[in-house]
Amino acid sequence: MNYAVLIELLSASIRIATPLLLVALGGVISELGGTFAVGVEGMMLMGAFGGAVTALVTQNLVLGLLASCICGVLLGAVIGVATVKFRADHMVTGLAANILALGLTSFLLRGLFGGKAPVMVLPTIGAIHIPWLSELPVVGPILFGEPLMTYLAFLLVIPVHWFLRHTQAGLTLRAVGENPEAAFSVGANPHLIRMISVMVCGVFAGLGGATLSLQELGTFTDGMTNGRGFLALAAIIVGRWMPFRLMWGCLLIGAASALALNIQGWGLPVSSYVIQMTPYLIALAVLCGIGRKARMPAAIGKAFIRN
Amino acid sequence: MSASLGEEEQQGRTAPLNPPADSVTGPDSPHASDVLRRLGLAILAITLSFVVSAIFIGLSGKNPALAYWSLVRGAFGSIDSIAFALNKSTPYVLAGVGVALCFRARVINIGGEGQIAVGGIAASWVALSGSGLPGFLLIPLAILAGSFAGAAWAAIPAAMRLTRGVHEVLGTLLMNFVGVLLVSEALHGPMGEVGAGFPQSPLFPEQAWLPALIPGTDLHIGIILAVIAVIVCHFGFWHTPWGFRLRLIGSTETAAAYAGVSTARGFAGVMLLAGALAGVAGAVEVLGVHYRLIQGFSQGFGFNAVAIALLASLNPAAVLPAGLFFGFLEAGALAMQREIGVPSSLIYVIQGLTMIFVLCALGISWRRQRV
């Protein structure tokens with residue numbers, strides 16, 4: 001493997017990891033607050049849809065990104081109300097939200113444009129070459145010649161980590177996920193905190209979806225997230241609910257996907273469908289490898305009942 | 001296996017085997033008043049989701065009343081549409097009754113789609129390679145192959161859960177994508193029809209086609225299988241020691257442990273059963289509807305099964321009407337798309353909303369029991 005291929009491979013890994021990372025950062029906020037984030041797949045799809053449609057209508061990428069956040073939050077709010085207010089089962093509510101998002105985006109894509117899905121060719125968010133740094137050998141083209149959302153995603157790891165580990169609010173959030181009764185006894189409102197954490201998760205997952213539709217592909221198609229939200233969930237477990245570690249989990253899945261895509265070009269006798277399975281198989285294999293070392297927040301999935 | 005699980009629970013290092021799905025598991029016996037209450041709950045959830053969906057139809061510039069009228073006519077308008085709807089319901093009911101049993105034991109198996117996909121592959125392989133056999137042998141063999149393949153597919157995430165602690169939600173979800181891609185792989189490789197414009201297998205020999213239930217219509221005998229599966233599962237769940245063990249596992253883990261019931265064995269058993277039923281669903285779909293394996297034939301089936309199980313309040317017997325409801329809904333939605341131009345993906349909106357409303361209502365009813 002020569003030098004140029006290697007750089008292309010690493011650069012592609014980072015690009016593929018970007019939407020996963022945004023979704024995983026959102027998911028970890030939701031899960032540390034005690035709400036399973038199975039609905040991120042749907043939030044991501046809503047974000048991809050809202051971003052693409054808004055960008056198509058307004059021709060404005062910033063408005064598109066804003067809309068993707070709003071769409072993600074809306075679905076987050078639905079999940080939040082169901083799980084917090086009505087104590088619905090987290091896993092199955094997340095699944096229901098994913099189906100709802102799939103139907104809603106597919107329906108509105110046609111419904112809003114007079115019955116037929118519009119042809120979407122959107123301007124994508126281009127690469128930003130950081131002066132000086134992007135001219136460095138090896139690291140330059142890999143790390144400093146990426147598009148906007150990629151910088152955003154990787155930079156966000158730092159504040160999310162800092163928030164969770166070193167702020168009062170982050171501590172309270174984790175307390176609600178570990179032991180809501182104890183958090184309540186010292187004056188926190190577990191219901192409110194969980195509601196907010198799921199909606200914040202919607203912001204991140206929505207942006208992750210927008211990364212897919214506005215940065216990677218420049219279009220929206222039905223069900224385009226294709227399990228990426230679930231891969232992000234796997235990355236959260238691999239990263240043991242820690243932002244920096246889950247970043248490596250996302251990069252691992254990104255690298256596996258990039259390598260698989262690259263192998264297709266080598267003319268090996270492996271079919272493209274087997275290659276498309278790779279990210280899912282890698283995620284499963286890593287989950288099996290992690291095994292019982294993964295420790296979930298103690299009160300995840302459990303409703304808080306005020307006595 | 002059970003020993004390692006016990007150790008895990010004692011150490012409390014990972015999540016308990018059964019997710020805290022209190023609001024999904026139901027009561028312990030089907031009392032008449034309870035059945036009525038749950039029926040009312042299902043009707044309320046469906047009504048609410050139709051009302052909300054009407055808003056979306058309005059948003060897309062169509063008249064909701066006209067759209068729903070077209071949906072009803074499309075579903076019940078002719079013998080052909082009723083046959084179509086019953087055929088649609090068949091795999092949903094088969095997979096849905098398995099999901100209902102899983103959820104009752106607090107096993108969140110949402111891998112129906114992958115299990116249906118591999119069930120379809122196995123049945124197709126038997127149907128294509130056993131062309132010398134007569135139908136009365138070939139069809140049962142193909143369905144059996146489908147059920148084994150589905151069970152095997154479910155066994156993988158089950159084993160990951162029991163030996164490596166990988167949560168079955170993630171395990172089954174990820175396996176879905178692999179299973180669906182496996183269909184594509186089979187069709188582009190060994191089982192594909194050469195020269196066909198669409199990824200599909202050659203047509204099965206005619207003796208492998210499921211016979212029609214009513215001559216002159218498309219309705220095949222699969223619906224009989226679905227009804228039998230529902231009856232057997234209902235009886236098994238409420239009136240056998242196995243069903244009692246499942247209910248025990250579903251109600252409280254500690255009670256199950258005191259009674260000497262192995263959670264691990266219960267988990268594995270119900271996953272395999274649900275996988276086998278989903279595999280049969282896949283087999284019935286390829287043998288009875290398409291007469292060949294086609295790419296994407298299982299699309300959305302697994303999630304439909306979950307929606308149906310929930311709508312049935314996880315009562316095996318109630319899966320039949322719930323499955324029929326979704327089958328007719330789908331048949332109607334296709335007509336609605338044809339006649340009024342309302343996109344048929346509206347049914348996913350209705351499904352998702354129905355699920356959320358049922359889950360909310362189950363959550364409330366569970367709260368009432370607690371207080």
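## Where the two chains meet

Let's start at the meeting of the chains: 51 residues of chain B and 46 residues of chain A make up the contact. Keep in mind that this is a predicted model.

On the chain B side, the elements giving two or more residues are helices H2 (32–59), H6, H7 (168–188), H12 (301–311) and H14 (346–370). H14(B) hands over the largest share, with 15 residues. What classes of residue does chain B bring to the side that touches chain A? They split into 33 nonpolar, 13 polar and five charged.

## H5 and H6 in chain B

Now look inside chain B. Two packed helices are described by the angle between their axes and the distance between the axes. For H5 (residues 112–129) and H6 (residues 135–164) of chain B, the angle is about 145 degrees and the axes are 7 Å apart. The crossing of H5(B) past H6(B) is right-handed.

Residues making this contact include B:Gly114, B:Val118 and B:Ala122 from H5(B), along with B:Leu141, B:Phe148 and B:Trp153 from H6(B). Sorted by class, the contact has 15 nonpolar, seven polar and no charged residues.

## H8 and H11 in chain B

Another pair to find is H8 (residues 222–239) and H11 (residues 263–290) of chain B, whose axes come within 10 Å and cross at roughly 165 degrees. Angles over 145 degrees count as roughly antiparallel, so that's how H8(B) and H11(B) run relative to each other. H8(B) passes H11(B) in a left-handed crossing.

Here B:Gly222, B:Leu225 and B:Ala229 of H8(B) meet B:Leu277, B:Val280, B:Val284 and B:Gly288 of H11(B). That gives five nonpolar, two polar and no charged residues.

Key. Residues numbered from 1 in each chain as written. Chains lettered and ligands numbered in written order. Predicted model: local features only at pLDDT ≥ 70, side-chain atom pairs only at ≥ 80, totals over all residues. Axes fitted to C-alpha atoms, helices over the stretch in contact; angles between N-to-C directions. Helix = DSSP H or I, 4+ residues; strand = E, 2+ residues; numbered from the N terminus. Left-handed = near helix turned anticlockwise from the far one by under 90°. Contact = placed C-beta atoms within 7 Å. Nonpolar A, V, L, I, M, F, W, Y, C, P; charged D, E, K, R; others polar. Parallel < 35°, antiparallel > 145°, perpendicular 65-115°, else oblique.
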